[in-house]
Structure formats: structure tokens, C-alpha cells
Amino acid sequence: MSMQSITVNTEEADKASPANKDKLNKVDFRWFIVRSLPHQERKLADMLMHYQEKEKNILEVYCPTHTTVNESKNGKEVQKPLFAGYVFVLSTQKTVTEFISRHYPEGTILYDTRNRNDKKARILTIPEEQMRIFKDFNENYADKLLILEKPFTDYAFNPKTNEPNETVKVIDGPLAGKEGYLTRFRRDKRLVFNMKALNGDRYYAVSVPNIWNFHVVRIHNAECDRQTIGTMKERAVDLLIGLIQACGYGGNTLKMLYSFIDELMVKPSLVDFCKSLYKKGFGELSRRIASLGTYDAELILNLIRYERDNRGYVKENFEKLVIRPFLTPTSGIELKEDENEATLKHGSFTEIIKKTNITELTYYPDKHKDELTTTTYFAHIGIIQNGNSKGVTLFANWDTFLKEYFLTAGKANEKLVKGTTEVSTDASDKKRKEKIADSFRNFAPTLHNILTNENSRVKAIQNLKIGEECLNVMAIETTGKDAEETSKAKDELISVCTNICKEISTTIHLAVWRRFLRTVWLHK
């Protein structure tokens, strides 16, 4: 087998590239995979190295030093061969073929035997850069691998909580580019990823310890993330609030929301609900709800089902309404195709709703690949006039997130905001060592700048007075009422707040703050 960190090329046996020619100027040098008889890989490697002294077209011979790994089987860890029977040779095809024919006829060069359109068997080779990474991994991590008895897909969810495990991508090092699940094994968090066999399409789920030693980022899982309820209830409530406000019922939004929930509880049919709204004189609202797509309609019906099982959920969790969360999947107010922005008047402030595209790395487990995906969200920015009548304050709703932050104080606050390293005890060797602290400074630098830099234009403000209510917000104050200055401040506030969301969302650290981020960014 090989690690998934090796990218195996399939090349026609007689095909050569223009670079790295051999002495006869016929075939280029490549890493070939030679199979030995069982338990003879060391003998084969020694023979090749002896032959290398005579044959200049053998540049390097590599026999993995770590040939066994732990395997989890029926709850027990046993030793299993990993690279037994394989030797890697940097040479030319002609030279390797001649060596096998003359000195080791029991050996074979590994070919790809899968059916292809051209019906030709293709030789397996490994690019030099991938081989270097593989050697690094094998020498430093192979003996720490644990081959798991369950398939890779079984580690997508935590069986105790039924919540999806975090999907991560390794950024650098011998596992660079690999995606996997951050999974807890007893007290240890390990990276679980797929390992592919050298001579087939079979995959093995393996785990690597000490995940904190790798540079990894969280990525959105296209399949698992959407199976968790996450912010589904919040998205459903926000959808209804946006529709009610957009139809001009701002001051009565919560009252109407509670009434609609009660009515749908009695008869959970959106068709009948729209008819009822129309009869009551809410024609535009009836039209908007009737035009919802299947996904949004199902969100509302799922909310009703949850409310029936948890009576009072909506009233208990949505008892105050000033402005919608900073980023939402729906606009509420209708925007034409060529419009990116809309304005909505409220009693004590004006709301600007602007399209905001966010690009994320998204993992597709069924394809074993990731892609960059761009999703349109809507940023909600409020504008109120400053008390001195000079300038305005632009704000975004970070109420729950900042409320939790303002509750921290003293050493706890200092560690959260400014911490660089902290001392921990390694469970395996009982040694005390330093590790990177889970702080905003280390993993959310944009937020750290706001909280510590007096010159930051964006401020975290506690209990900003907005009409009769107070809200914890991210805000910018302008010195005047010039439209251009206000527009620039709005764009800056959206950009800075979006950067905070992306930084917290993509780190495997700050897990607690990602939960609070759900109230700021209603992720689709």
C-alpha cells in the first residue's frame, strides 16, 4: 500500500518526457515501484544498490524503514505490513527492466491493470516532489499510523452526539493537501483520512495522532454539514422575519411571527397558510411565502415540527428583535437581478441589505476532492444618527457573540485575546510542553486587531442604544453625513466582519466561538 500522500502517475511504458534524460538520451528518470517476493524487500534493495555501483542510470533506491503499522481489529491493536514487498527505484525503465530480467526474475515493475479505453497497461510512477514528501512522512509518521477497521465514511459523525466531525485539510508538511475528519479517540484527537492501495482502488481508513502538530484548516463538508441541524431553526425564523419586515410590518414583526407559528402548529400546510394570509388581507406576504422554493419551505416546516416537540422554543429564543444577524442566506426584501443592495426603513434606524459573496473550500466525500465554492449571502448593516448630529454610526448585529466576550475578564480575557503559548501536559509521556494558545491573536487576527488596536476604525461596542433596545455590535462611526463617506464605511464594516467570520470558521481552534458565530453568520 501507499499513503494517499503519494500521487501515482500512470504512464505508457515507452513514453518519455523531454527533461531529465538518461545517458542514452532515450528515457527520462522516474520513481518506479518494484515488487519483491514476500519479506524480501530488504534483499531486493541491497541487490539494487550493489547493481547501482555498476549501472549509472540507477540514481537512488529507497526501501521504507517503517514496514508495519498498528491495525485496530476487534478492539485490539495488532501489527500489519504497510510497505512490505515494495522497493522504490529512481531510474529508467530500461535499466530497471534489465536488472529484473538478469538478476531478480521473481520481481515485477508495478503496472496499472485497470481497464482503459486504449486497452494498454500503464506503468505506475511517482513524481519526484510527491516521493520526497512520502519519504518524509514514512520516516517520521508511518510507525504512528493506526489502520481502522471501519470505513472512512463512518468517521464523518460523532456517534455519541450525532454531530458531524470537523472536516479539515492539511496545508503543509508530508500530508499536505490531504482531507480528513478530526475525530476523538478516547482522550486524543486524531486526523482520520483515506489511504489508497498501490495496486488497486481499495481504500483504508487510517488515523494519525498529534493533529495539533500539523497546519490544518477547517473546510465546509458539502454532505455532512448539511445533515446537521446547526442553524436550521435560526435560518427558518430569520426567513420568516425577513419576509414580514420586507412586507412593511416592522413594528409588529415578532407579534406576527408568534401568531404564524401558532397557526402552522394547528395545520402545518403552507398552501393553506397562504390562503389564510390572503383572506386576512396579507396579500403580498401570502405571495412571497407561496413563491418560496422547496428548500426554504422545508426549513419552515421543520421549524414547526421542532416547535411541536419543544413548545415555546420560538418565543423563548426570539424575544428581542432589533436587526437581523450580520450574514443571512435570504434578503427578505426582494432584489432585482441587477441590484446588489436595498434599503429598509425601521422606526429608529435604517437598514442596508447588501449581497455579499463568500468563497469557501468545500469537501465532497463521494468524490474524494475539494473545490472552491462561492455562495451569496446578505449582509445587514444598520445606520443611526450620532447624538451630536455630526456623522452616523453603522453597526452589525454580533449581539450573542460579543455578549459572551464581554463576560470574560482579567486573566481569562487576556489569555483569550492576547495569548501566544500555554503549557500543557502530554498524556502519552507526561511531559509538560508549550503549545499555541487558542486565542484570537493566533487564530482570529482581524478580531484581535479590533479588540486591542485603539486606531481600528471598526469597534466592538457593548449595549449600543438603538431605539428602545440595546445591542452588542461591531460598528464604525463617521465624522460627517456625506453619502460617499457612509458608503465606504459600510463596505469596510462588511469586509472586516466577513473576515472575522471566515477566520473563526476555518480554524480547528476557537471551537466555543464557532458556536457563537452561528448567531452572526447563518451558514447555509
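Tutor: The discussion below moves from the overall fold to one strand, and then to side-chain interactions.

Student: What kind of model is this, and how are its residues numbered?

Tutor: This is a predicted model, in which local features need pLDDT of at least 70 and side-chain atom pairs count only at pLDDT 80 or more, while totals for chains, interfaces and linings use all residues. Residues are numbered from 1 along each chain as its sequence is written, and side-chain values use heavy atoms, with hydrogens and water left out.

Student: How many helices and strands does the protein chain contain?

Tutor: Helices (H or I, at least four residues) and strands (E, at least two) are DSSP runs, numbered from the N terminus. The protein chain has 15 helices and 25 strands.

Student: What share of the residues is buried, and what share of the contacts links residues 24 or more positions apart?

Tutor: A residue is buried under 20% relative accessible area, exposed over 50%, and partly exposed in between, using a 1.4 Å probe and protein chains only. By that criterion, 49% of the 524 residues in the protein chain count as buried. A contact means heavy atoms within 4.5 Å. Among contacts in the protein chain with a separation of 6 or more, 64% come from residues 24 or more positions apart.

Student: Which strands does S11 join through bridges?

Tutor: Two strands pair if DSSP finds at least two bridges between them. S11 (residues 166-170) is joined by 4 bridges to S12 (residues 179-185), and these strands run antiparallel. Another 3 bridges join S11 to S15 (residues 216-218), again in an antiparallel arrangement. As specific positions, Glu-166 has Leu-182 of S12 as its bridge partner, and Val-168 stands opposite Arg-218 in S15.

Student: Is S11 mostly covered or mostly exposed, and which way do its residues point?

Tutor: S11 is mostly covered, with 5 of its 5 residues buried. Glu-166, Val-168 and Val-170 point one way, whereas Thr-167 and Lys-169 point the other way; all are buried.

Student: How many disulfides does the structure hold?

Tutor: A disulfide is a covalent bond between the sulfur atoms of two cysteines. The criterion applied here is a pair of cysteine sulfur atoms within 2.5 Å. The structure holds 0 disulfides. Cys-497 illustrates the point: the closest cysteine sulfur, in Cys-501, is 6.9 Å from its own sulfur, too far for a bond. Cys-497 is buried, at 0% relative accessibility. Cys-247 is likewise buried, with a relative accessible area of 18%.

Student: How many salt bridges are there, and where does the one between Arg-42 and Asp-46 lie?

Tutor: A salt bridge places a side-chain nitrogen of Lys or Arg within 4 Å of a carboxyl oxygen of Asp or Glu. The structure holds 20 of them. In one, Arg-42 and Asp-46 meet at 3.5 Å, N to O. Both residues lie in helix H1 (residues 41-52), 4 residues apart, about one turn of the helix. Arg-42 is partly exposed at 41% relative accessibility, and Asp-46 is partly exposed at 42%.

Student: Which residues are linked with Glu-284 in a network of salt bridges?

Tutor: The network links Glu-284, Arg-287, Arg-288 and Glu-334. Within it, Glu-284 and Arg-287 have their closest N and O atoms 2.6 Å apart. These two residues lie in helix H7 (residues 283-290), 3 residues apart, about one turn of the helix. Glu-284 is partly exposed at 38% relative accessibility, and Arg-287 is partly exposed with a relative accessible area of 38%.

Student: How many aromatic pairs does the structure hold?

Tutor: Rings of Phe, Tyr and Trp (its six-membered ring) pair if their centres lie within 6.5 Å; planes under 30 degrees apart count as stacked, over 60 as edge-to-face and the rest as tilted. The structure holds 17 aromatic pairs. One of them, Tyr-405 with Phe-440, is tilted, at 6.4 Å centre to centre with 45° between the planes. This pair links distant parts of the chain, with Tyr-405 in helix H10 (residues 399-406) and Phe-440 in helix H12 (residues 440-443), 35 residues apart. Tyr-405 is buried at 10% relative accessibility, and Phe-440 is buried with a relative accessible area of 0%. Ring pairs also join Tyr-405 and Phe-440 into a cluster whose members include Phe-326, Trp-398 and Trp-513.
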